[in-house]
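Please report on this structure.

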Amino acid sequence: MRHGFIKTAAITPDILVGDTEYNADQIIINMKAANDEGVKLAVFPELCLTGYTCSDLFGQDILLKNVLSGLKNILKESSGMDMVTLVGFPFFKQNSLYNVAAVVFNGTILGIVPKQNIPNYSEFYEGRHFAKPSAHNEQIQIPELGELGNNIPFGTNLLFKASNFPEFTLGIDICEDLWMPVPPSCSHALAGATVIANLSASDETTGKDIYRRELVRNQSARLVSGYIYADAGEGESSTDLVFSGHNLIAENGILLKESPRFSNEIICSEIDLGKLISERRRMSTFESITPESCGYQVITFDYQKIKDTALTRSFAQTPFVPQNKTDRDRRCNEILNIQAMGLKKRLTHTHCSNAVIGISGGLDSTLALLVTAKAFDLAGLDRSGILSVTMPCFGTTDRTYQNACELTKILGATLKEVPIHEAVKMHFHDIGHDSSVHDVTYENSQARQRTLVLMDLANQTNGMVIGTGDMSELALGWATYNGDHMSMYGVNCSVPKTLVRYLVLYYAETTSDKKLHNILMDVLDTPVSPELLPPENGKISQKTEDIVGPYELHDFYLYYLMRFGFTPSKIYRLAVYTFSGIYDNATIYKWLQTFYRRFFSQQFKRSCLPDGPKVGSVALSPRGDWRMPSDASLNLWIKDLESIKKELN
């Protein structure tokens, strides 16, 4: 909970229709099981104390009397539990019967929320039994509960907030409420609810599960909230209907957990409230309102224990890359089109029929050349207008050189070789640099010489230089300022390194050219390197990930820093959890520290980036997604990192 996670549960208990004593016992058994697992919010189905399918038995005095006895037992057993529990039951008040949810916490009822939308169509006949509540909140007494029944808030506009866990504010839908054109949860979220709980009894018909799943997922996305859907299951009457216990937990459009249908189960998952609040803060169109201004009453309570929530949900090691291959292929195709269309627009706008690319045989320049070829096709330009330039120097290996040349030929671009050894040596002589000293001057002189060559060739051909650098390199500042940092249009500028790999792989898997496929696969198998230091035994000696760290870690850090603004300590925790068994804690900490230091110190390079297309939800353009002062202090982030170090001893 320190990092904003709350463990939630959607529970379908076994019930007997009309047997409130048995049903209360089953609810209590499940409450205890959830509490033992550290659940802080447990949601049970609609009318679960009696069964949803009681029908005209809802008019029987004995049933309604024993409902309150069952509720009293639940209250007694909840004492000492550090868990909010939502229980559905029929409640008789002032000559009307209501379908309600009781919010139970530590032996008390925090409030009772009635169902707002009463279905009376098709198989639903709730209007026969239940009244539609008024829009006004009130305080009620339930004498049958003794002292526990005094001054209970009752109404549709109730929110429940943990004062010692301020990220958590709960709003309640009941079944049909979700299926309305404007569900009550829309108002709850605007008034501050970060989690919506839905007590439901949705019967099963063919195909309904697909619609229900999308309804829950989409509502959580629309509200930028968590959404917990607890469904009635086996035990309800099968006179005319069957209930499957289809429980769902979603977070901002992502389905975190789903129960198999036709099985009464508890499902648990952790909702990241910090992430949701970050998203709402980022979205200027999510206009919150004060609860009081729209008739809401906020009921506060305190959890007894605030501690780290044990995580069971999964986090992708490569958050920029879809895990499902079908989704990944679709995404890769879409990104390639976005990149190519961006470049096509720039080519046609400038009436430019030539492009110049520095081709190295590495991943980034390979992707840039593939995109440029596609852009030329879209613009109706001859690919021979693509000048693919290889500029061998001190660190070039035969493997990358041959791949660069062959790739150019297969794609129909024009190959030009410009060795830069002598020019760089002359430069060393001019500035008085010892060529045996392989320092940053030694490396950057080569990078800047290559850019000089590309820019001048662009002038010669009336073309434009296509940038090859990717977003991960920009984040780390792993680019030579005014060297490979500069171009006239950067097609890879918002593509992270982990995604570059999959884009090239997708191209390799979908091309009909076997030779092209083989070259692309070899490029994928080549270590990432700027090749600025002499090779050893003909092989690459300078491996980027040995110097700045694994790109899969840096992309993970980058995603959670930029997308949600997480603290270093939270990102560290997620990385330790996600990369368990791959990297040890010290390694994750080391590269996280490197990431923050480089990200802050290298902003000046990002402040003057060339144009390039945004392809995903995260981008570093100083004109769009990321506007950061180049001299911002890192102190707060370092202090947070130091707190992790203390925990690690």
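Which residues lie nearest the centre of the largest pocket? They are Ile254, Lys275, Pro319, Arg331 and Tyr559, out of 40 lining residues. Two or more lining residues come from each of β13 (254-258), β14 (266-272), α6 (273-282), α7 (325-349) and α16 (551-564). The model is predicted. The space in this pocket is about 1300 Å³. Its lining divides by residue class as follows.

| Class in the pocket lining | Residues |
|---|---|
| Nonpolar | 19 residues |
| Polar | eleven residues |

Next, a helix. Helix α8 covers residues 363-379. Glycine 380 follows α8 and has a positive phi, near 70°.

Now the cores. In soluble globular proteins, nonpolar side chains tend to be buried together. Here the largest nonpolar core holds 88 residues. Tyr557, Tyr560, Tyr596 and Phe599 touch the most other members. The element that gives the most to this core is α16, with ten residues.

What does tyrosine 596 touch, leaving out residues up to four places away in sequence? Its contacts are Leu561, Phe566, Thr567, Pro568, Ile571, Leu634, Trp637 and Leu641. Another core, of 51 residues, lies apart from the largest one. Among its members are Leu223, Leu248, Leu256 and Ile271.

How values were computed
Residues numbered from 1 in each chain as written. Predicted model: local features only at pLDDT ≥ 70, side-chain atom pairs only at ≥ 80, totals over all residues. Heavy atoms only, no water. 1 Å grid on protein atoms, 1.4 Å probe; cavity = no way out; pocket = protein on both sides within 12 Å on 5 of 7 lines; lining within 4 Å. Points joined across faces, edges and corners; volume = space filled by probe spheres on them. Helix = DSSP H or I, 4+ residues; strand = E, 2+ residues; numbered from the N terminus. Nonpolar A, V, L, I, M, F, W, Y, C, P; charged D, E, K, R; others polar. Expected span 1.5 Å × (residues − 1). Core = buried A, V, L, I, M, F, W, Y, C linked by side-chain atoms within 4.5 Å. Buried < 20%, exposed > 50% of the residue type's maximum accessible area, 1.4 Å probe, protein only. Contact = heavy atoms within 4.5 Å.
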